[in-house]
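These are my notebook entries on a structure I wanted to look through piece by piece. I kept to what I could look up and wrote each point down as I went.

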Amino acid sequence: MKISRRGFIVASGVVGAGALAVGATQVNWTDLMTAAAQDPLRPDTGVLVVCTLYGGNDGLNTVVPAADPAYQKARPDLAYQPHEVLDLGDGLGLNPGLAGLKKLWDDKRLAIVRGVGYPKPDHSHFRSMAIWQTASPDSPQPTGWLGRWLDVTGDDPLRAVSIEPVLPPLMAGQRAAGATLPVTGLKLPTGAIGTSFSLMGQPESGESPDQARVARSIADLHTTATKLGPAVKPSGANQGQLAAQLDVVAGLVEAGVPTRAYSVSLGGFDTHADEKGTQQRLLTELDQALSAFADRMRRTDRGRQVVTLVYSEFGRRVGANASDGTDHGTAGPVFVLGDPVHGGFYGEQPSLTDLDNGDLKESTDFRDVYATMLRDVLGEDPGKILAGHDTVLTGLLA
Amino acid sequence: MPLLDDRAATRRLLDRLGFGPRPGELDALAAGGFAAACQQVLAQAPDATPLPDVGAEPPAITKKASAAERKQRQKTLRGQQVTAAQWWLDRMAGTASALPERLTWFWHGHFATSVQKVRSARLMLHQNQALRGLGGGDFTALAKTMIVDPALLLWLDGQQNKVGAANENLAREFMELFTLGVDRYSENDVREAARALTGWTVNRDAMTSSLAPKRHDNGSKTVLGITGNLDADGFVDIVLNRPDSPRFVAGRLWFRLVSATPPAADVLDRLVAGYGPQRSIGGLLRAVLAEPAFRDPATTLVKQPVEWAAGLMRALGVQPSKLPVTQLEAGLRGMGQVPFEPPSVGGWPAAQSWLTTSAGLARLHLAQLIAEHADVSHITSTAAAGSALGVDTWSQRTATALAGLRGAQLAAMAACAPEYVVSQ
């Protein structure tokens with residue numbers, strides 16, 4: 001994938017969904033674009049890429065305590081042997097599918113935060129993913145943590161983009177929401193139908209909130225396509241879904257578009273049965289996509305500011321089930337990688353013998369990870385976004 | 001609160017309990033008044049169209065299979081899946097008896113099963129036919145059929161669940177997503193319920209499931225406070241007898257057919273009364289239609305992509321299987337919804353989730369594809385576009401946007417207007 005310099009100039013004024021609040025007056029595009037052209041993203045500005053692993057990735061077979069007899073005993077047919085894993089020290093090793101991440105680890109550019117979870121873990125995919133994406137473990141929250149970050153960044157043009165057709169809740173705010181950009185880019189129609197489509201995005205006073213949202217999404221589409229669309233040229237190469245998403249992100253970062261946060265994802269981790277092969281295949285896809293992305297990002301000033309966060313809604317039960325798989329569990333490891341990262345372990349490895357009803361006990365609150373990203377990558381006070389939570393992981397970035 | 005007039009309420013009825021009007025349908029149905037229209041729609045029974053013959057499932061791949069053999073199998077499966085989806089879309093777009101089809105679609109999103117893991121269009125169609133046959137009857141029969149449905153068992157690892165070490169997937173999702181709602185049971189209930197569901201196996205060729213006694217846990221289990229040697233049937237009975245269950249089922253139907261805002265307590269009581277001890281889905285629908293909220297102009301819904309596309313094809317008289325299938329599928333995929341492929345067991349999202357920037361463009365492309373394959377000679381003005389799509393009045397914004405267009409372009413853009421993307 002190539003992203004043109006010209007694309008960057010045009011692209012540097014993105015306003016995504018939500019910047020036009022329902023009933024708000026129309027944004028003056030000319031003013032915005034002038035301002036954006038005069039003020040592109042500084043090359044030393046931090047950029048966050050959030051990678052969600054849907055389905056509940058088995059943390060114990062990702063960062064593997066292979067030498068621990070309790071691990072071997074809990075899942076005899078599912079366990080990796082010590083000689084199979086990629087040694088990290090501390091009695092832990094990476095899944096054999098994660099060879100590229102092992103290189104990043106050796107290079108001190110990969111941090112592994114251990115035992116990440118939240119109090120009173122929920123075993124429902126949907127509830128647990130909602131908790132992770134809203135950063136609200138105690139009560140349901142209509143907004144995602146990056147959505148609230150968008151809300152508090154005031155009048156700046158919107159700067160969060162999801163490289164997926166459906167917007168993940170983590171990027172939905174009260175006033176603002178991230179834009180979506182498919183890997184294939186956005187090419188608007190021209191001529192009479194193009195003019196008509198652009199007019200269809202105008203707000204109409206007195207219309208129902210749902211209709212106003214449709215109109216706004218059409219207006220946001222036009223902005224996104226005009227500013228980001230030309231920058232994306234599909235490579236056409238036959239590559240995995242995540243690699244394609246990260247390719248789009250890499251191109252946008254290199255072009256200097258003013259996006260500060262990106263969302264990408266990989267699904268399929270709900271391995272209740274025949275887990276070992278499936279998970280290793282998925283982790284290999286993750287590994288290849290992430291390490292190619294990390295290598296590419298090393299090569300430019302802007303790329304060297306990029307930090308990637310990888311998480312899943314929960315880990316899995318310590319003991320295997322009868323189907324050579326594992327059922328829904330609790331805490332798991334989180335990866336943070338990139339040039340600004342100080343590699344190594346953070347947080348304690350949960351005990352395999354002191355369990356909570358067959359599940360790992362969390363040792364690190366997931367909001368510590370988010371607070372670190374907000375403070376040290378996005379430069380925002382985490383307390384404003386995480387309901388006062390401002391504990392960070394010392395030394396991971398700053 | 002001013003209610004929708006009879007005509008507007010009838011249009012909503014056609015949208016929510018069907019896939020929108022076919023040409024002339026709204027005028028005909030509205031002429032007799034809303035109450036009569038409700039009776040007519042509720043009386044609709046499924047068309048007796050036989051399932052399509054997608055051919056035999058390709059034989060399972062052995063470890064020795066070459067890359068070419070794997071690829072060929074994959075291709076065959078994909079082809080069968082496309083045929084199945086086309087067949088269903090044809091029904092949605094063409095049937096005069098839309099309610100059973102709409103309920104089948106609702107239950108598909110409820111007992112959300114994906115062909116991506118089941119890997120068999122035949123089994124998906126088998127499940128689809130069960131949903132069609134039972135979807136307007138009693139929830140008890142539907143739930144008892146689904147818990148041992150071959151596709152659902154494969155989807156939620158029910159076949160892997162056996163005595164000695166249970167697999168909890170089906171037990172948990174059945175309570176959380178199909179019958180009770182989250183937090184209406186304990187983690188221990190999940191573990192015990194999984195034991196009650198042990199032993200079911202699937203015969204893919206025969207499209208049947210059966211209980212293998214040796215794999216079933218015959219010990220005593222306690223689920224939701226009731227102890228016994230529970231099996232699948234007994235487990236379903238316990239769950240459906242919980243007061244939480246009718247409320248949950250009524251709430252899910254309300255969410256998809258009426259409003260994203262949950263029903264008020266008194267409304268929910270009336271819905272549950274309509275559902276009754278028989279657990280009658282028809283009774284529940286009747287209660288929904290009797291609610292003033294069903295005629296409240298404020299209870300709009302963003303149409304799901306398949307509902308929007310099927311509705312547009314109904315309105316323009318286009319048969320989905322006559323469209324270039326690759327483009328049809330790309331359009332639906334770009335909007336985020338392909339039949340038989342829900343993203344997870346939780347089903348599809350709703351409301352604003354469909355209104356992403358990229359979905360907006362996919363919607364326009366699909367609208368253009370459909371309109372180009374339609375006879376649009378009668379759509380000569382914005383007013384004519386409105387009457388073709390069942391929209392009485394366009395806003396000033398939309399009228400301005402449509403002013404310069406004609407023919408297929410006019411029809412396509414009208415279908416992308418907020419007034420049509422949202423069910424009024």
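Before the first entry I note that helices are DSSP runs of H or I with at least four residues, strands are runs of E with at least two, and both are numbered from the N terminus. I also keep in mind that this is a predicted model.

**Entry: positive phi values**

I looked up Ala387(A), which lies in the segment after helix 11 (366-376) of chain A, and found its phi near 50°, a positive value in a residue other than glycine. I noted this because most residues other than glycine have a negative phi.

Phe340(B) sits in the loop between helix 17 (325-335) and helix 18 (357-372) of chain B, and it counts as buried because it has 21 C-beta neighbours inside 10 Å.

**Entry: a sheet in chain A**

I then turned to the open sheet of three strands in chain A, which has the order 2-4-3 and antiparallel pairing. Its edge strands are strand 2 (63-64) and strand 3 (86-89), each of which pairs on one side only. Strand 3 of chain A pairs with strand 4 (residues 92-94) of chain A over three bridges, in the antiparallel sense, and I recorded that Leu86(A) has Leu94(A) in strand 4 as its bridge partner.

**Entry: two helix pairs**

How do helix 4 of chain A and helix 10 of chain A lie relative to each other? The axes of helix 4 (residues 99-106) and helix 10 (residues 275-297) of chain A are 7 Å apart, at an angle of about 40°, and the two helices are therefore oblique to each other. Among the residues that meet here are Leu101(A) and Leu104(A) from helix 4 of chain A, and Leu290(A) and Ala294(A) from helix 10 of chain A. By class I find five nonpolar, three polar and two charged residues in this contact.

In chain B, the axes of helix 4 (residues 67-94) and helix 7 (residues 121-134) come within 9 Å and cross at roughly 25°, so helix 4 and helix 7 of chain B are roughly parallel to each other. Helix 4 of chain B contributes residues including Ala84(B) and Trp88(B), while helix 7 of chain B contributes residues including Met124(B) and Leu125(B). This contact has five nonpolar and four polar residues, and no charged residues.

**Entry: domains and the chain contact**

Chain B is divided into domain 1 (138-258 + 262-280 + 287-297) and domain 2 (301-423), and the centres of these two domains, taken over C-alpha atoms, are separated by 35 Å.

Finally I looked at where the chains meet, and found 47 residues of chain B in contact with 44 residues of chain A. Elements of chain B that each supply at least two residues to this side include helix 10 (169-179), helix 18 and helix 21 (407-415). The side of chain B that touches chain A has 18 nonpolar, 21 polar and eight charged residues.

Conventions. Residues numbered from 1 in each chain as written. Chains lettered and ligands numbered in written order. Predicted model: local features only at pLDDT ≥ 70, side-chain atom pairs only at ≥ 80, totals over all residues. Pairing = 2+ DSSP bridges. Buried ≥ 20, exposed ≤ 12 C-beta atoms within 10 Å, placed from the backbone. Axes fitted to C-alpha atoms, helices over the stretch in contact; angles between N-to-C directions. Parallel < 35°, antiparallel > 145°, perpendicular 65-115°, else oblique. Contact = placed C-beta atoms within 7 Å. Nonpolar A, V, L, I, M, F, W, Y, C, P; charged D, E, K, R; others polar. Domains from an automatic or database assignment.
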